[in-house]
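This report goes through selected parts of one structure. Please keep the sequence and the 3D view at hand while reading.

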Amino acid sequence: MFEAQSMQMRIIPPVKPYFQKEDIEDIKNSIEEILLSGMLTLHEYTRKFENEFAKIHKVKYAIAVSSGTAALEIALRCLKLQEGDEVLIPTNTFTATAAAVIFAGGRPVFTDINPKTLCLDAENVQNKITSKTKGIIAVHIGGLVCPDIKKIREICEDHKLFLIEDAAHAHGSTIDGEPAGSLGDVGAFSFYPTKVITTAEGGIITTDDDDINTRARVLRDQGKENFGSNIIIELGYNWRMNEINAAIGIIQLRRLNEIIDKRNAIARVYDREFSKLKALTPIFTPLNLRNNYYKYVLVAEDGYDRDVLKEKLKEKGVRCGGEVYWPPLHLQPLYQRLLSTKKGDYPIAEDICRRMICPPIYPDMSIEDAEYVVAKFKEALAEV
Ligand SMILES: Cc1ncc(COP(=O)(O)O)c(C=O)c1O
């Protein structure tokens with residue numbers, strides 16, 4: 001009886017990659033061509049993917065790599081991070097942002113966030129700069145380009161710091177028409193399966209700088225002076241993207257605008273409906289930004305237990321996405337151990353991240369699905 005009921009329950013997953021039937025056919029054909037060619041890595045598909053990604057994101061170069069984490073570490077190495085150099089990052093990010101700094105030899109220094117945007121705040125950043133600061137990583141959290149990015153860029157210019165955009169969430173997002181990935185010295189994107197576009201696994205670096213482009217290509221391929229050579233000029237790594245991942249990326253890129261439009265259509269329903277509820281406040285996108293809505297973020301009023309609310313929604317078939325991020329990094333056991341951070345260090349992030357909740361959002365969702373999610377939120381709120 002229970003099984004029969006649960007089989008009928010409508011389940012709305014938190015995320016879902018977007019592959020249309022004809023895209024799957026095109027991917028199969030590309031894979032066949034790749035396998036028959038024998039050129040399985042760093043070849044024509046990778047070059048095409050890089051060129052198209054660069055064009056869409058209005059940069060001179062894009063360098064495809066094995067993951068978003070690799071993209072960040074290569075970016076930091078290209079910017080010549082030295083032992084002991086400090087890099088400012090928001091505390092509400094994925095571990096990879098901080099881990100890449102450590103792997104590249106530096107020390108991450110967390111900063112608090114703007115509660116209205118969940119991103120770095122220019123004033124906070126300014127106050128955190130010391131003689132050891134070498135650069136800043138701005139994270140475009142949930143797909144929202146850090147609204148203070150231009151002020152942060154000016155701060156970087158004044159203090160001779162580098163600016164990396166962690167654009168893992170921000171494919172196709174813009175500020176004043178300028179794309180994520182074109183706003184700092186280097187951009188780092190991820191194509192992990194939950195991301196707005198995916199290559200199954202993968203990442204890409206964006207830059208306008210000729211030297212960074214050259215060095216990133218060397219570093220991603222074992223430090224070889226070029227693909228065909230065995231002359232080693234840097235301590236590199238196997239950070240290559242293979243041709244099959246690149247072929248998937250080319251097909252996904254074709255859909256990027258369509259994906260962003262579909263996500264925005266869901267976000268409009270959520271904006272309209274959730275703003276009527278006192279218990280939940282949506283994070284609104286400033287008018288000069290195009291948000292790809294990797295995440296749609298709500299903040300619950302004090303007094304609601306987010307985890308209980310999520311559990312209630314799950315019982316009703318609505319699976320929420322992961323938060324961006326809980327716990328914030330300064331409360332993670334690893335960083336408490338390595339960096340001696342503690343509860344209370346970044347009170348805004350602690351408060352907001354504890355209360356955030358991310359309803360499902362993906363391109364295949366219908367408007368009716370979104371309205372169903374809102375109805376289930378209302379039911380769950382009445383029960384907690
Ligand atoms: C903000 C952020 N930075 C970096 C990464 C790392 O990307 P990847 O998983 O492709 O290594 C992620 C992945 O989830 C992320 O969310």
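## A helix pair

A crossing of two helices is left-handed if the near helix is turned anticlockwise from the far one by less than a right angle, and right-handed if clockwise. Helices (H or I, at least four residues) and strands (E, at least two) are DSSP runs, numbered from the N terminus. This is a predicted model, in which local features need pLDDT of at least 70 and side-chain atom pairs count only at pLDDT 80 or more, while totals for chains, interfaces and linings use all residues. Residues are numbered from 1 along each chain as its sequence is written.

Helix α2 (residues 21-37) packs against helix α9 (residues 243-254) at an angle of about 150°, and their axes are 9 Å apart. Axes are lines fitted to C-alpha atoms, for helices over the stretch in contact, and angles run from 0 to 180 degrees between N-to-C directions. That angle makes α2 roughly antiparallel to α9 (the term applies to angles over 145 degrees). The crossing of α2 with α9 is right-handed.

Residues are in contact if their C-beta atoms, placed from the backbone, lie within 7 Å. On the α2 side the contact includes Ile27, Ile31 and Ile34, and on the α9 side it includes Ile244, Ala247 and Ile251. The contact residues divide into seven nonpolar, one polar and three charged. Here Ala, Val, Leu, Ile, Met, Phe, Trp, Tyr, Cys and Pro count as nonpolar, Asp, Glu, Lys and Arg as charged, and the others, Gly among them, as polar.

## The sheet

Seven strands form an open sheet in the order β1-β9-β8-β5-β4-β2-β3, with mixed pairing. Two strands pair if DSSP finds at least two bridges between them. The edge strands, β1 (61-65) and β3 (107-111), each pair on one side only.

## Strand β8

What joins β8 to β5 and β9? Three bridges link β8 to β5 (residues 162-166), and these two strands run parallel; Val186 in β8 is the bridge partner of Ile164. Four bridges link β8 to β9 (residues 203-207), running antiparallel, and Gly187 stands opposite Thr206 in β9.

In a regular strand the side chains alternate between the two faces of the sheet. In β8, Val186, Ala188 and Ser190 point one way and Gly187 and Phe189 the other, and all are buried (20 or more other C-beta atoms within 10 Å of the residue's own, placed from the backbone; exposed means 12 or fewer, and partly exposed lies in between).

## An exposed loop residue

Ser366 sits in the loop between β13 (356-357) and α14 (367-383). Ser366 is exposed because 12 other C-beta atoms lie within 10 Å.

How values were computed:
Parallel < 35°, antiparallel > 145°, perpendicular 65-115°, else oblique. Contact = placed C-beta atoms within 7 Å.
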